[in-house]
Amino acid sequence: MANYRVEMDRAMCISCGNCIEACNDLWKFGDDGISSLIDSKMEGDIQIKELDDLGCSVDAAGKCPVICIHVYEVDIELA
Ligand code: SF4
């Protein structure tokens with residue numbers, strides 16, 4: 001089960017490239033020139049990806065000048 005969730009609002013992205021420079025395991029520029037969260041699912045303008053470990057995701061989020069990357073810890077006990 002994934003422990004963390006990353007969300008990125010592509011509508012806010014200004015294509016500065018900071019997230020890709022900080023964390024190219026998770027981000028790359030899309031064909032439209034806007035940064036894209038690799039292997040994520042899209043809900044509206046939001047890209048969502050679940051992670052087993054944080055990797056460099058928090059570093060990337062901290063370097064986004066428009067704060068459109070958010071990282072959440074998922075902690076749901078079902079039984
Ligand atoms: S750091 Fe933020 S604004 Fe810059 S490319 Fe990445 S998502 Fe877009």
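The tour goes from the whole chain to the sheet, then to the cysteines and one serine.

**Stop 1: the whole chain**

Select everything. This is a predicted model. Count the elements: there are 2 helices and 6 strands. Starting at the N terminus, they follow the order β-α-β-β-β-β-α-β. The radius of gyration is 12 Å, close to the 12 Å from the globule rule for 79 residues, so the protein is as compact as a globular protein of that length.

Turn the view along the principal axes. The C-alpha trace spans about 45 × 25 × 20 Å. Of the 79 residues, 35% are buried.

Take the contacts with a separation of 6 or more: 62% of them involve residues 24 or more positions apart.

**Stop 2: the sheet**

Select β4, β5, β1 and β6. These 4 strands make an open sheet in the order β4-β5-β1-β6, with antiparallel pairing. Which strands sit at the edges? They are β4 (41–43) and β6 (69–73), and each pairs on one side only. From one strand to the next, the twist averages 25 degrees.

Backbone atoms are the ones to display at this stop. Strands of a sheet pair through backbone hydrogen bonds, either parallel or antiparallel.

**Stop 3: the hairpin**

Zoom in on β4 and β5. Strand β5 covers residues 46–51 and pairs with β4 in the antiparallel sense, over 3 bridges. Lysine 41 stands opposite isoleucine 48 in β5. Methionine 42 faces glutamine 47 in β5.

Now move to the turn. β4 and β5 form a hairpin with 2 residues between them. Glycine 44 lies in this turn and has a positive phi of about 65 degrees.

**Stop 4: strand β1 and its two neighbours**

Select residues 4–9, which form strand β1. How many of the 6 residues of β1 are buried? The count is 5, so the strand is mostly covered.

Valine 6 stands opposite lysine 49 in β5. Methionine 8 has glutamine 47 of β5 as its bridge partner. Glutamine 47 is also the residue opposite methionine 42.

Then look toward β6. Here 5 bridges join β1 to β6, again antiparallel. Tyrosine 4 has glutamate 73 of β6 as its bridge partner.

**Stop 5: the disulfide**

A search of the whole structure finds 1 disulfide. The torsion about the S-S bond of cysteine 23 and cysteine 56 is about 70 degrees, so the disulfide is right-handed.

Trace the chain out from each end. Cysteine 23 is in the loop between α1 (18–22) and β2 (27–29). Cysteine 56 is in the loop between β5 and α2. The pair is 33 residues apart and links distant parts of the chain.

Are these two cysteines buried or exposed? Cysteine 23 is buried, at 1% relative accessibility. Cysteine 56 has a relative accessible area of 19%, and buried means under 20%, so cysteine 56 counts as buried too.

**Stop 6: two further cysteines**

Select cysteine 19. At 8% relative accessibility, cysteine 19 is buried.

Then select cysteine 64, in the loop between α2 (57–62) and β6. Cysteine 64 is buried as well, with a relative accessible area of 11%. Draw a C-alpha to C-alpha distance from cysteine 64 to glutamate 43. The two are 21 residues apart in sequence and 20 Å apart in space.

**Stop 7: serine 35**

Finish on serine 35, in strand β3 (residues 35–37). Serine 35 is buried, with a relative accessible area of 2%. Show what surrounds the residue. Leaving out residues up to four places away in sequence, serine 35 touches Met8, Arg10, Cys13, Ser15, Cys19, Ile20, Trp27, Lys28, Phe29 and Gln47. Some of these have come up already, including Met8 and Gln47, which are bridge partners.

Methods: Residues are numbered from 1 along each chain as its sequence is written. This is a predicted model: local features need pLDDT of at least 70, side-chain atom pairs count only at pLDDT 80 or more; totals for chains, interfaces and linings use all residues. Side-chain values use heavy atoms; hydrogens and water are left out. Two strands pair if DSSP finds at least two bridges between them. Axes are lines fitted to C-alpha atoms, for helices over the stretch in contact, and angles run from 0 to 180 degrees between N-to-C directions. Buried means under 20% relative accessible area, exposed over 50%, partly exposed in between (1.4 Å probe, protein chains only). The radius of gyration is taken over C-alpha atoms; the globule rule is 2.2 Å times the number of residues to the power 0.38. Contact means heavy atoms within 4.5 Å. A disulfide is a pair of cysteine sulfur atoms within 2.5 Å.
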